[in-house]
Amino acid sequence: MAIDFNGANNNALNTQKQTLRQRDDAQGQKAPQQPAEGGSQARESTRVDLSPDARNIKAAEQTLQQQPEVDDAKVSRIREALEDGSYSVDAEKLAQKMLDVDNSIFG
């Protein structure tokens, strides 16, 4: 048994549009016209003014995008330290950082 979801959705959408048109006609209002697909209807231009904070955020985003995702020099230093056995972890510092993250998330 095949079910035609597209037909059902289109019928529901068409019924909703007809109901809106009928309501608008009854109220003496003209239903909004939607441009046909591929039509060449002039578009209104929209102007957006950003706040100073939004401009600062945008500038910071652009600066971050220019930075490399990985600090290759730091990766090389850590890799060499791991290979020669000189890499050490301060357990207390690591534990404190984990607690700080936990507190920032869960309060």
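# Questions about a predicted helical model

Visitor: What makes Asp 49 count as exposed?

Guide: Asp 49 has a relative accessible area of 60%. Exposed means over 50%, buried under 20%, and partly exposed in between (1.4 Å probe, protein chains only), so Asp 49, at 60%, is exposed.

Visitor: What kind of model am I looking at?

Guide: This is a predicted model, where local features need pLDDT of at least 70, side-chain atom pairs count only at pLDDT 80 or more, and totals for chains, interfaces and linings use all residues. Residues are numbered from 1 along each chain as its sequence is written, and side-chain values use heavy atoms, leaving out hydrogens and water.

Visitor: How many helices and strands does the protein have?

Guide: It has four helices and zero strands, and reading along the sequence gives α-α-α-α. Helices (H or I, at least four residues) and strands (E, at least two) are DSSP runs, numbered from the N terminus. Asp 49 sits in the loop between α1 (5-26) and α2 (52-66).

Visitor: Why is the pair Arg 47 and Asp 49 called a salt bridge?

Guide: A salt bridge needs a side-chain nitrogen of Lys or Arg within 4 Å of a carboxyl oxygen of Asp or Glu. The N to O distance between the side chains of Arg 47 and Asp 49 is 3.3 Å, so the pair qualifies. A search of the whole structure finds one salt bridge. As background, side chains of opposite charge can pair when their charged atoms come close.

Visitor: Is Arg 47 buried or exposed?

Guide: Exposed, because its relative accessibility is 71%.

Visitor: What about the span of α4?

Guide: Its 16 residues should span 22 Å, and the end C-alpha atoms are 22 Å apart, so this agrees too.

Visitor: Why does α4 lie largely in the open?

Guide: Because, of its 16 residues, the number buried is zero. Across the protein, buried residues make up 3% of the 107 residues.

Visitor: Which residues form the nonpolar patch on the surface?

Guide: They are Ile 78, Leu 82, Tyr 87, Val 89, Leu 94 and Met 98, with about 590 Å² of accessible area together. The elements giving two or more residues to the patch are α3 (72-84) and α4 (91-106).

Visitor: What makes Leu 94 partly exposed?

Guide: Leu 94, which lies in helix α4, has 44% relative accessibility, so it falls in the partly exposed range.

Visitor: Where does Ser 104 lie, and what is its relative accessibility?

Guide: Ser 104 lies in helix α4, and at 59% relative accessibility it counts as exposed. A polar atom of its side chain lies 2.7 Å from the backbone oxygen of Val 101.

How values were computed. Patch = residues over 30% accessible without salt bridge, like charges linked within 9 Å, V, L, I, M, F, W, Y side chains within 5 Å. Areas by Shrake-Rupley, 256 points an atom, 1.4 Å probe, with all protein chains shown as cover. Expected span 1.5 Å × (residues − 1). Polar contact = N/O pair within 3.5 Å; in protein donor to acceptor, adjacent residues only side chain to side chain.
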